[in-house]
Amino acid sequence: MFPRGFAWGAATAAYQIEGGWQADGKGASIWDTFCQEPGRVFRDQSASVSCNSYELWEEDLQCIQQLGLTHYRLSLSWPRLLPDGTTQNVNQKGVQYYNKVIDDLCACGISPMVTLYHFDLPQALQDQGGWKSPAIAATFGSYARFCFQTFGDRVKLWITINEPYICSKLGHEDGIHAPGLQEPGTTAYLVGHNMLQAHAMAWHSYNTLYRAEQGGMISLAINSDWLEPLRPGCTEDIAATERCLAFTLGWFAWPVFVTGDYPEIMRRAIDAQSKKQAYDGDSRLPTFSKEEPAVLGTADFFALNYYTSRKIRAGCGTGGISMKGDQDVEEVLDPSWPISGVSWLAVVPCGLRNLLRYIKNTFNSPVVYITENGFAQVGKLQMEDVQRSEFYRDTIQEVGKAIQEDRVDVRGYFAWSLLDNFEWADSYSVRFGLFHVDFADTKLSRTIYRSGKDYAKIISKNKCMGKT
Ligand code: BGC
């Protein structure tokens, strides 16, 4: 079912697995700070040690090899490389660490996909306004150039920013992710805008300075649920579903893939609400100016993080000044969908196929990599995690159908995650790994779950069967 050369991967992120939070000159990130604030994270835990991949990388590599992955998606810790966020101060130990990881992967025939930013902004930059400050785009641009220059001879797949939606909303609207700001209806849009600028700067640098020599591809990872109207024939629910898609997937995909601007539905809704609320300014949604780098066309492929689906019904206009108020929709879980360990993750494998078809039709048949997809376990540890195994089997089957029957150009699939790790505000209470990590044991031993073994079987079967 899968074309030859299909990328079979698993993904991780620096803050979630590396530990070594102060090792060898690393600077603090906003997650280091956030975890120190009581009440922010489950049991006030942090990822100061986590899986200690900073010291135990070779064990991770064994896990990667045991699965038979062709690709491994990792993220670079910006403050490990540049402790104050700027290229004026490079931490050579950090460079050495990632050089070793990348060299080891290449030596084993595994291609790295590297994310530049996965939620862990250098605290020093947060102190200057973080993602709220327009200056961040140029700073990110320099960081990106530094990474292309340093690692781009071996890295051919780049992600600039992971899930700008989650960073903007959870970090700056809801305040449940670092930096913990709760500034509803304003800051998230500003942050999203600056992230798009930062991404565009990085893409343009790659395009003009490195592409010819390095020959890689670069994109940003966009997360989206699959959404359907709760009452299929109801015009209000259909409109609400379109609105919700515009505010999530469209917010970042529309400017990059379609028009260079936000989706019209989003623009209209926020402009109208801003006016009604006598907002001090034109609109709470920023506008793209001619002075800013062009955002349209700044993705060489569509990087999609998919976890779950939702039914959507029209809201009742009571959200006030907030993203929720602007969208005015209610999200509903279909009672027939099984729930994984976490309440937000309903198991809907066919939602991924639907979403892939939607992406093909809406964004002009792009090359797609599924850069994350996974299943959470909580509570009693189950090494025989049959439900997760079935989740992967069924979801991968849907990807196969999207390729074969819907002709979506999917080039790779990355399971989230290689290892149990620090699941942000839920810390270690939620486990997404294909390998169990024993956090109570000082060795932090890694043991493959049943789902890991089954994923390895899927990979080995499909690697051999792949045709061009
Ligand atoms: C993030 C991961 C996270 C996963 C599961 C994605 O939003 O990129 O860092 O662990 O979802 O919640």
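Arg154 touches Asn99, Ile102, Asp103, Cys106 and Pro112, residues up to four places away in sequence not being counted, where contact denotes heavy atoms within 4.5 Å. The model is a predicted one, in which local features need pLDDT of at least 70 and side-chain atom pairs count only at pLDDT 80 or more, whereas totals for chains, interfaces and linings use all residues. Residues are numbered from 1 along each chain as its sequence is written, and side-chain values use heavy atoms, with hydrogens and water left out.

Arg154 is placed in the loop between helix 7 (136–151) and strand 4 (157–162); helices (H or I, at least four residues) and strands (E, at least two) are DSSP runs, numbered from the N terminus. The side chain of Arg154 reaches the backbone oxygen of Thr150 at 3.0 Å, and a polar contact of 2.9 Å joins the side chains of Arg154 and Asp153. A polar contact is a pair of N or O atoms within 3.5 Å, of which, within protein, one must be able to donate a hydrogen and the other to accept it, and residues adjacent in sequence count only if both atoms are side-chain atoms. Asp153 is likewise found in the loop between helix 7 and strand 4, and touches Phe148 and Gln214 when residues up to four places away in sequence are not counted. The C-alpha atoms of Asp153 and Gly216 are separated by 9.1 Å, although these residues stand 63 residues apart along the chain.

Strand 4 pairs in the parallel sense with strand 3 (residues 111–117) over four bridges, two strands being taken to pair if DSSP finds at least two bridges between them. Within strand 4, Ile161 stands opposite Tyr117. Four bridges also join strand 4 to strand 5 (residues 217–223), and these two strands run parallel; the bridge partner of Ile159 in strand 5 is Ser219.

An open sheet of three strands has the order 6-8-9, with mixed pairing. Its edge strands, each of which pairs on one side only, are strand 6 (226–229) and strand 9 (329–332), and the twist averages 35° from one strand to the next. Strand 8 (residues 309–314) and strand 9 pair in the antiparallel sense over four bridges, with Glu331 of strand 9 as the bridge partner of Ile312. Helix 10 (residues 235–258) lies across strand 6, strand 8 and strand 9, running at about 125° to strand 8, while helix 13 (residues 349–362) lies across strand 6 and strand 8, running at about 90° to strand 6. For these angles, axes are lines fitted to C-alpha atoms, for helices over the stretch in contact, and the values run from 0 to 180 degrees between N-to-C directions.

The largest nonpolar core has 134 residues, and those with the most contacts inside it are Trp31, Trp131 and Phe140; such a core is a set of buried Ala, Val, Leu, Ile, Met, Phe, Trp, Tyr and Cys residues joined through side-chain atoms within 4.5 Å. Helix 9 (residues 187–214) supplies the largest share of this core, eleven residues. Neighbours within four places in sequence aside, Trp131 is in contact with residues including Trp78, Tyr117, Phe140, Ile161, His172 and Asn194.

The structure holds zero disulfides, a disulfide being a pair of cysteine sulfur atoms within 2.5 Å. For Cys51, which is in no disulfide, the nearest cysteine sulfur is that of Cys63, 9.5 Å away, and Cys51 is buried, with a relative accessible area of 0%. Cys147 is also in no disulfide, the nearest cysteine sulfur, that of Cys106, being 15 Å away; the relative accessible area of Cys147 is 0%, and the residue is therefore classed as buried.

Ala14, found in helix 1 (residues 14–17), is buried, with a relative accessible area of 2%. Ala14 touches Ser75, Leu76, Ser77, Tyr98 and Asp120, residues up to four places away in sequence not being counted. The C-alpha atoms of Ala14 and Val367, 353 residues apart along the chain, are separated by 26 Å.

Terms used:
Buried means under 20% relative accessible area, exposed over 50%, partly exposed in between (1.4 Å probe, protein chains only).
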